[in-house]
Amino acid sequence: MKPIVKMITTGVIVLAALGMIAYKFYDYTKYPWTRDGLVRARVVQIVPRVSGALVRVPIQNNQLVKEGDLLFEVDPSTFQATVNLARAQLDNMRDIVKSLAEQVDGLKASVGQHQAELGQAKFDVEGSAALAENARIIFERAKELRATGVNSQRDVDNRFATYQVALAQLNEARARVNQTTAALTQAKDDLARGLANLGELGEDNPRLRRAAADLEIAQLNLNFTKVWAPTDGYVTNLQLGVGDSAVANQPMLAVIDANSFYVQAFFRETFVGNFQNGDRAVVTLMSYPNTPLEGRVDSIGWGIAQQNGSTGFELLPSVKPTFEWIRLAQRIPVIVRIEKAPANIKLRAGTTASVVVITGTSTDGGQVPPVPRVLQ
């Protein structure tokens with residue numbers, strides 16, 4: 001009997017060992033896990049748009065702020081003076097544009113007057129030309145009659161004098177046409193220069209648009225003296241106060257977006273092939289070991305930096321020694337979005353977390369399946 005008992009005992013032990021191996025393999029494939037996880041969040045760097053001394057800092061370190069809350073204020077006095085100056089320059093430019101518009105109206109009237117004078121001068125030329133032609137005909141007729149002895153030489157001389165007077169009047173009328181034409185050309189040139197100097201009428205006038213743009217820039221800079229919270233979040237590492245100087249485009253403080261917390265977990269490359277985006281996950285924070293959190297796999301990294309082959313000392317490739325019989329699995333970053341967090345759980349960026357992924361649950365909208373406590 002003893003050999004049979006030994007065989008049964010041995011068989012039971014072997015079956016139990018095989019069962020444990022199968023169970024561990026099931027856990028290994030069904031519940032990939034890692035303790036290499038960190039709570040992360042979007043950190044918003046608060047950057048002032050203008051420089052100056054701080055006159056108000058109504059926030060405190062580690063304070064929760066709401067979107068639109070005032071974070072700090074730069075001394076606005078200089079910027080207010082710039083706004084006042086720009087507004088005065090805009091009003092002055094309106095007066096200048098109005099004066100230029102009135103000058104253009106006067107130039108247009110001058111062009112119209114010269115055009116009327118030119119028309120009258122041309123009409124006078126036509127009349128003088130007709131009179132001169134008539135005087136010429138009479139003079140020629142008088143010469144013919146003098147040749148036949150019908151009239152006297154005095155009559156011919158009178159007709160010639162009348163013809164010369166008509167020619168002089170014609171030349172004078174033509175000179176007036178030339179003078180009026182030149183005056184009209186000058187008036188048109190003056191009008192063109194006046195229109196170019198004036199530009200578009202109304203608010204589209206370039207002078208007004210330039211002055212209005214200067215006022216808008218000055219007003220924007222004045223508005224930039226007050227810096228508001230861009231989102232709900234936590235003020236972190238506050239190291240500024242009233243009297244400190246703000247430098248434009250230099251970060252002053254950081255706000256951690258309260259709605260952007262997630263977990264970045266680093267899984268061995270042998271694990272990531274077992275799950276996919278959308279799979280359910282359980283996150284256990286080191287700071288709250290007894291309160292697992294529900295989550296989902298949001299994304300799986302597509303690449304990591306390689307250390308071997310990177311440029312090292314004297315521009316030579318850096319290669320780390322390895323043991324040929326040991327192959328270390330690389331770690332792939334996986335983003336896990338936390339879906340539900342109890343009110344008593346305070347997520348803090350940089351804290352440690354363990355993550356268990358439940359494979360094959362990307363389309364499961366139910367509760368997180370139970371996970372063995374040892375894996376949580």
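Strand β7 (residues 233–236) supplies the largest share of the lining of the second largest pocket, namely three residues; helices (H or I, at least four residues) and strands (E, at least two) are DSSP runs, numbered from the N terminus. The structure is a predicted model, in which local features need pLDDT of at least 70 and side-chain atom pairs count only at pLDDT 80 or more, while totals for chains, interfaces and linings use all residues. Residues are numbered from 1 along each chain as its sequence is written, and side-chain values use heavy atoms, with hydrogens and water left out.

The second largest pocket holds about 370 Å³ of space. Of the 14 residues that line this pocket, Tyr-234, Phe-261, Lys-346, Leu-347 and Arg-348 are the closest to its centre. Grid points are joined across faces, edges and corners, and a volume is the space filled by probe spheres set on the points. The lining comprises 10 nonpolar, two polar and two charged residues, where Ala, Val, Leu, Ile, Met, Phe, Trp, Tyr, Cys and Pro count as nonpolar, Asp, Glu, Lys and Arg as charged, and the others, Gly among them, as polar.

Strand β7 also belongs to an open sheet of four strands with antiparallel pairing, in the order β2-β9-β7-β4. Its edge strands, each pairing on one side only, are β2 (43–46) and β4 (64–65). Two strands pair if DSSP finds at least two bridges between them. Between β7 and strand β9 (residues 253–257), which run antiparallel, there are four bridges. Tyr-234, one of the residues closest to the centre of the second largest pocket, has Ile-256 in β9 as its bridge partner.

Most residues other than glycine have a negative phi, and most peptide bonds are trans. In the loop between β7 and β8, Asn-237 has a positive phi of about 55° although it is not a glycine. The loop between β8 and β9 contains Asn-249, whose phi is likewise positive, near 65°. Asn-249 counts as exposed because its relative accessibility is 56%; buried means under 20% relative accessible area, exposed over 50%, and partly exposed in between (1.4 Å probe, protein chains only).

A second open sheet consists of four strands in the order β6-β5-β3-β8, again with antiparallel pairing. The edge strands here are β6 (226–228) and β8 (245–246), each of which pairs on one side only. Strand β3 (residues 52–56) is joined to β8 over two bridges in the antiparallel sense, and Ala-53 has Ser-245 of β8 as its bridge partner. Two bridges also join β3 to β5 in an antiparallel arrangement, with Arg-56 standing opposite Glu-73 in β5. Three bridges link β5 to β6, and these strands run antiparallel; the bridge partner of Leu-70 in β6 is Trp-228. Strand β5 (residues 70–74) is mostly covered, five of its five residues being buried.

Strand β1 (residues 33–40) is joined to β10 by four bridges, with the two running antiparallel, and Arg-40 has Tyr-262 in β10 as its bridge partner. Strand β10 (residues 262–268) in turn runs antiparallel to strand β15 (residues 331–340), with six bridges between them. In this pairing, Phe-267 stands opposite Ile-332 and Gln-264 has Ile-335 as its partner. Because five of the seven residues of β10 are buried, the strand is largely enclosed by the rest of the structure.

Six bridges join β12 to β15 in the antiparallel sense, and Glu-294 stands opposite Lys-340 in β15. Arg-296 lies in strand β12 (residues 288–300) and is buried, with a relative accessible area of 16%. Arg-296 and Val-282 are 14 residues apart in sequence and 8.1 Å apart in space, C-alpha to C-alpha.

An arginine is also placed over an aromatic ring: the charged end of Arg-49 sits over the ring of Phe-224, 4.3 Å from its centre. A charge sits over a ring if NZ of Lys or CZ of Arg is within 6 Å of the ring centre and within 35 degrees of the ring normal.

Note on methods. On a 1 Å grid over the protein atoms alone, a cavity is a set of points where a 1.4 Å probe fits but cannot get out, and a pocket is an open set with protein on both sides within 12 Å along at least five of seven lines; lining residues have an atom within 4 Å of a point.
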